[in-house]
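The entries follow the order in which I looked things up.

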Amino acid sequence: MTITTTPARTSKPLSTLLYRHRWMRLVGLLSLPLTWLIGLYIVSLALLLVTAFWYIDSFTSKVIPGFTLENFVLIFSEPAYIATSLRTLGIALAVTVLSAIFAVPLGIFMAKLASPWMRAVLAVAITLPLWAGYLVKILAMRITFTEEGFFNSVMAPFGITGPGFSVLTVVLTLTYLWFPYMALPVYTAIRQIPVNLFDASSDLGAHGFTTIRTVVLPLLWPALIAGSVFTFSLSLGDYIVARFVGGANAQMIGSIIASNINLNPPVAAAFSVIPIAFVVFYLLATRRTGALERM
Amino acid sequence: MRQKLMALSAVSAVSALMLVGCAAPADSGSGELVFDVPEVPMLESLGEGEGQVDIIAWSGFVEPAWADTFTEDTGCVVNRKVAGTSDEMVQLMRTGDYDLVSASGDASLRLIVGGDVAPINRDLLPNFGDDIVPGMQGQLYDTINGKVYGVPIGRGANILQYNTEVVTETPESWDIVWEADSPYAGQITAYDAPIYIADAAVYLMYHQPELGIQNPYALDETQLAAAVDLLKQQNTIVAEYWADPVAQITSFLGGTTVAGTSWEVLRKFTEDTEKFGGTLPVEGSTGWSDAWMISSKSDAPNCAYLWMDYTSSAEVNGAIATNFGMAPANGAFCELSDEAAAHCEQFNALNEEYFENVWYWTTPIEQCIDGRTEVTCTSFQDWTNAWATIKG
């Protein structure tokens, strides 16, 4: 006795159409992201970069189309501008290294040692700052490091005075801001390392640090690179932090772009090429390590 | 007709991009500077309100407390856009989407020469009369080539603010914020904008007369270099620069800085005017004076005129000045009440002697506005570039 049930045929014309025409599937999938990428992202970037070759009317600050390399010459002929570019690069690298130094031990603890409850608490603690406003966090750091602020009043009994508003404070604040972007990929990567690799390593006589150096770090490399792309490029473009906690000598590339953007857009555009160049070099360098393929 | 007018003003604005034939010999022997300003027609007579008006203003200039009454009286709904800097105001005005702007002196000249604002017909503004304090009438940037482009709102000086617990005696000179051997080195604050170069120039004008600075906004290359050197020297004793008013207030309250440039209103905001003193030192200082200007592309000129007149009355002008913390343009406000008189006293509204020492922000341009014709002065672009080098 066999009962055959034929499913009721429901007509799905859209699915059928898409199944028959491959190009329609592609258009449906890609039109929106491509419009975004090319129409808004690339075009606006190109328009900005073109401005770098334009002139400016010195009185009215009106931009005049044309072709000049003066804006670039200005950047490379002025020692202060070069110093600012190098300082920005240094700050971005310092933030990246500092974030990595914090993220690796924290990630190992969270993934391999902490109880599930503790792990949840730490995960929330890392991501919680992302819920607070960017400016709020910067102002919080400002209050912390001001002369009569939290840091100095707590440290006073030990005879320690804080860095005040300086480049160091900028590095600390940027690390505070971008740390989650490093910590999360690193933590996820460490979780994926099988526990028995740790056991095998210790069975072979390796100590904790040897294990981290020879087993964990090589496996972590792609995650560290992924995190560093965030911490590095986000730090490169920032100027609000330098403005609020940087003190007198922490001018960054963004500060110069911001002060020129209304008065002299061509110079601002020319200057924006520098962080782009830094990031491209950085990506090329990381590509050579092969980390990008495994990301 | 409107289309035609707009096209005309656009063409003239473009043709005025270059300041050609500047420094033409002053006519009528008044020593007045002549600028090449595009012909923009002036409103001849007041018509019906258009229903709404779009205003770019400093924070505190357009508030419901007086804007709502205006809407009730005239039927013009006020759309406010708050701008943070003069440069932003200029950029916004160039879009042509706004009818009015509360321009400071460092924006107004650019707007006028760029053809972005139209001359003003004083006959249509009964409140723009004799009550406007003398110091705010006839400013260079409000009366170019014999035309009026701005309706004064208020003014203020950039004062020297100090923490009286540390700086126990009222400073007579700006030297404590400029000289490397300042007793307060490392605890100084300075304004974070290229226009602050003028503050250095004001100091040099007094202490180094051999430089020959006549006007802090007309610096030739040597004079600018001297000002930049002074600012670089100051950089070694600066704790931090401020552009954001809140940052400046917290800098004083938090003890990071004990002396530096400030506005009377910021001192008021510390809510401790005993602890934080303010003074106008012997060298004088820079300052600002703001005026309403009407866009050459305004699509609501009638509402704009009504607004300019409304806000020039003693009551409303005083309300704006009190709210923002500056000296009102309309002197009649000071006689309205005891509080008004006290406000005028605190902000030196009627004290022309006080403001004689104040150099209102003006856009530095290649044409020397101190009247020199044998040299070229440095433009605001030069100042902006110089400013970035000061902070290294």
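Predicted model: local features only at pLDDT ≥ 70, side-chain atom pairs only at ≥ 80, totals over all residues.

Entry: I counted the elements of chain A and got 13 helices and 2 strands. I then checked how spread out the chain is: its radius of gyration is 26 Å, well over the 19 Å that the globule rule gives for 295 residues, so chain A is more spread out than a compact globule. Along the principal axes, the C-alpha trace of chain A spans about 95 × 60 × 35 Å. Of the 295 residues in chain A, 33% are buried.

**Entry: domains of chain A.** I looked up the division of chain A and found domain 1 at 26–68 and domain 2 at 76–288. Their C-alpha centres lie 30 Å apart. Where they meet, 9 residues of domain 1 of chain A are in contact with 8 residues of domain 2 of chain A. On the domain 1 side, α2 (22–51) and β1 (55–56) of chain A each supply at least two residues. α2(A) gives the most to that side, with 3 residues. I sorted the residues of the domain 1 side by class and got 7 nonpolar, 2 polar and no charged.

**Entry: A:S201.** I picked A:S201, which sits in helix α9 (residues 195–203) of chain A. Is A:S201 buried, exposed or partly exposed? I counted 18 C-beta neighbours inside 10 Å; a residue needs 20 or more to be buried and 12 or fewer to be exposed, so A:S201 counts as partly exposed. Leaving aside neighbours within four places in sequence, A:S201 is in contact with A:A206, A:T211 and A:V215. I also took the C-alpha distance from A:S201 to A:F76: the two are 51 Å apart in space and 125 residues apart in sequence.

**Entry: where chain A meets chain B.** How many residues does each chain put into the contact? I found 33 residues from chain A and 33 residues from chain B. On the chain A side, α4 (79–113), α11 (240–245) and α12 (253–260) each supply at least two residues. α4(A) gives the most to this side, with 4 residues. By class, the chain A side has 12 nonpolar, 14 polar and 7 charged residues.

**Entry: nonpolar cores.** The largest nonpolar core has 114 residues. Those that touch the most other members are A:V170, A:V186, A:F271, B:I197, B:A201 and B:A227. Helix α8 (residues 167–191) of chain A contributes the largest share of this core, 15 residues. Another core, of 62 residues, lies apart from it, with B:F70, B:Y149, B:A300 and B:V316 among its members. I went back to B:A201 and listed what it touches beyond four places in sequence: B:I213, B:P216, B:L219, B:Q223 and B:A227.

**Entry: domains of chain B.** The domain assignment of chain B gives domain 1 as 2–155 + 289–352 and domain 2 as 158–286 + 365–390. I read 27 Å between their centres, taken over C-alpha atoms.

**Entry: B:P134.** I found B:P134 in the loop between β4 (117–118) and β5 (151–163) of chain B. B:P134 has 11 other C-beta atoms within 10 Å, so I logged this proline as exposed. B:P134 and B:N330 are 196 residues apart in sequence, yet their C-alpha atoms are 9.7 Å apart.

**Entry: strand β8 of chain B.** I looked at how covered β8 (residues 259–263) of chain B is: 5 of its 5 residues are buried. Which way does β5(B) run against β8(B)? The two are antiparallel and joined by 5 bridges. Strand β6 (residues 188–191) of chain B pairs with β8(B) in the parallel sense, over 2 bridges. I then followed B:G260 in β8(B): B:Q161 stands opposite this glycine, and B:T189 has B:G260 as its bridge partner.

Methods: Residues numbered from 1 in each chain as written. Chains lettered and ligands numbered in written order. Contact = placed C-beta atoms within 7 Å. Nonpolar A, V, L, I, M, F, W, Y, C, P; charged D, E, K, R; others polar. Domains from an automatic or database assignment. Core = buried A, V, L, I, M, F, W, Y, C linked by C-beta atoms within 7 Å. Pairing = 2+ DSSP bridges. Rg over C-alpha atoms; globule rule 2.2 N^0.38 Å.
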